[in-house]
Amino acid sequence: MSRRHRLSRSRDFDAVYRRGRSFSTRFLVLYAFPREDDREGGPRLGLAVSRKLGGAVERNRLKRRLRAVFEELREGLPAGHDYVLVARPGLAEAVESRGFPWLTERVADVFRLSAGTGS
RNA sequence: CGUGCAGGCCGGGUGACCGCGGGCCGCGCGAGCGGCUCGAGGAAAGUCCGGACACCGCAGGGCAGGACGCUGGGGAAACCCCAGGCGGCGAAAGCCGACGGAAAGUGGCACAGAAAGGAGACCGCCACCGGCGAAACUUCAUCUCCGGAGACGCCGGCGGUAAGGGUGAAAAGGUGGGGUAAGAGCCCACCAGCGUCGUGGUGACACGGCGGCUGCCAAACCCCGUCCGGUGCAAGGCGAACAGGCUCCGCUCGUAGGCUGCCCGCCGAGGAGCCGGGUGCGCCGCUCGAGCCUCCGGGCGACCGGAGGCCCAGAUGGAUGGUCACCUCCGACAGAAUCCGGCUUACAGGCCUGCUACGGAAA
RNA sequence: GCCGACGUAGCUCAGCUGGUAGAGCACUUCACUCGUAAUGAAGGGGUCCCCGGUUCGAGUCCGGGCGUCGGCU
């Protein structure tokens, strides 16, 4: 997942949080926001994994897996959108016990929610 | 071989496909593409010590404050390491120890207890003096009666003592003997501690002789010795962006203010507050360093010296992942953010070397 | 990443120079009331965050660990 598909600036995060819509499930919260200046570029993702989720190793591993999932799903997402995916407590343990395909499904769920409302 | 102890090391590997960050080279005006190569740890952690480095205009002196504390050595330094001493634990190998000074001063030792440290004593014990005492006892005088003195007991006085006394964490060196009216390092032997002299050792200290007489607490204040300016890469530098108004203090009397707390000393023309506006970005610092590996030499060792070789993460929303296969069952703690040296804490499993005692086996 | 503060009863906090832990609210019981509240009286409740060390003795002093909350771009 290259840099052009990530959110890289604090102001981008602020914009998504403040002006985007949010969708939540048991383990994930997704903020979605359509960019105004660039409607043709690919979707971009930012991640938020707080220290409540665990230590640095655990949080890094979780972020890698979420990026891998995003990479799989990216083709099916609408262009010109910025997303911030927030992990909720318990997600890391759930992934450890239920495996990567389960995580892929959960992320797909929350993205379907955002697509369903149409933005 | 098993248990125990010490030291050192590893802490997933191989292959396939799809991906990520840095550097170099090539192509392209450019976004980028292709190739090669490198890409987390022994603790990267906690941020507990010590530095390097940077800024605070120059860091100057003193006080205050803080840190450390057996000896010698190593090291840039250290709440670090090595060797040794002393003390404690263990059957041993070995392990642990903030381990200067209580004979400089101040202070504390609750409750209990007579007393918690320079007071000398509440009870008790003992000598002497005085008074009282029915009988018995000893002795003097006596023919006998009567009587005197002693001993003993009680009371009072003046002294001597610290052996003993419910207590307490701790009781004025300990144990035994002599000695005495009763006692006491008063004297003696041994032991513990202190001082001093001698010998050995660089030294801590050890051993021996002599001497006097002895509580504990400095992780209580403190004394002595050594060391320390503060802040921290969110330090700091360059660029980009914004650069308006009001109020108060002061203007060269070195005053306002600054140089971490105070004083001296120095600098000294701007300083403080409120509202508004901008930034919330790019580049540098940023990784070659008290560096790593091998060999040789010195040293018990920490370590030092020399030669040769190597380049070993530099991200900036933050890079190692996903899917598989095999290795009989693959697994602990855990992720660089300026960089080093240490300490401490966490850690499945496994390997190597040496040592000790006990058990077993073989020769 | 760097720097700092705190942890004591169910809650909010005291506890100075080490001597055996308290206050307010809350809780329980009783009294007062027809009943409740308020008030009054009595009472219960603590690994002083954890592990070591110094000391005769540690909530207090000294190390180490854990947790919580702040500040700095």
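**RNA contacts and aromatic pairs**

In this predicted model, a base nitrogen of RNA strand B is 3.5 Å from an N or O atom in the side chain of N60. Polar contacts are pairs of N or O atoms within 3.5 Å; within protein, one atom must be able to donate a hydrogen and the other to accept it, and residues adjacent in sequence count only if both atoms are side-chain atoms. Two further distances involve phosphate oxygens of RNA strand B. A polar side-chain atom of R65 lies 2.8 Å from one such oxygen. For A56, a backbone N or O atom lies 3.4 Å from a phosphate oxygen.

The model is predicted, with local features requiring pLDDT of at least 70 and side-chain atom pairs pLDDT 80 or more, while totals for chains, interfaces and linings use all residues. Residues are numbered from 1 along each chain as its sequence is written, chains are lettered from A and ligands numbered from 1 in the order in which they are written, and side-chain values use heavy atoms, without hydrogens and water.

By class, 7 are nonpolar, 4 polar and 7 charged. Here Ala, Val, Leu, Ile, Met, Phe, Trp, Tyr, Cys and Pro count as nonpolar, Asp, Glu, Lys and Arg as charged, and the others, Gly among them, as polar. Helices α1 (10-19) and α2 (56-73) each supply at least two residues. The most come from α2, with 6. Helices (H or I, at least four residues) and strands (E, at least two) are DSSP runs, numbered from the N terminus.

The whole structure holds 4 aromatic pairs. Rings of Phe, Tyr and Trp (its six-membered ring) pair if their centres lie within 6.5 Å; planes under 30 degrees apart are stacked, over 60 edge-to-face and the rest tilted. F27 and W102 are edge-to-face, because their ring centres are 5.7 Å apart and their planes at 70°. F27 lies in the loop between β1 (21-24) and β2 (28-34) and W102 in helix α4 (residues 100-117), so the pair ties together parts 75 residues apart in sequence. F27 is buried at 11% relative accessibility, and W102 is buried at 14%. Buried means under 20% relative accessible area, exposed over 50%, and partly exposed in between (1.4 Å probe, protein chains only).

Y83 and F111 are also edge-to-face, because their centres lie 4.9 Å apart with planes at 75°. Both residues are buried. F70, Y83 and F111 form one aromatic cluster.
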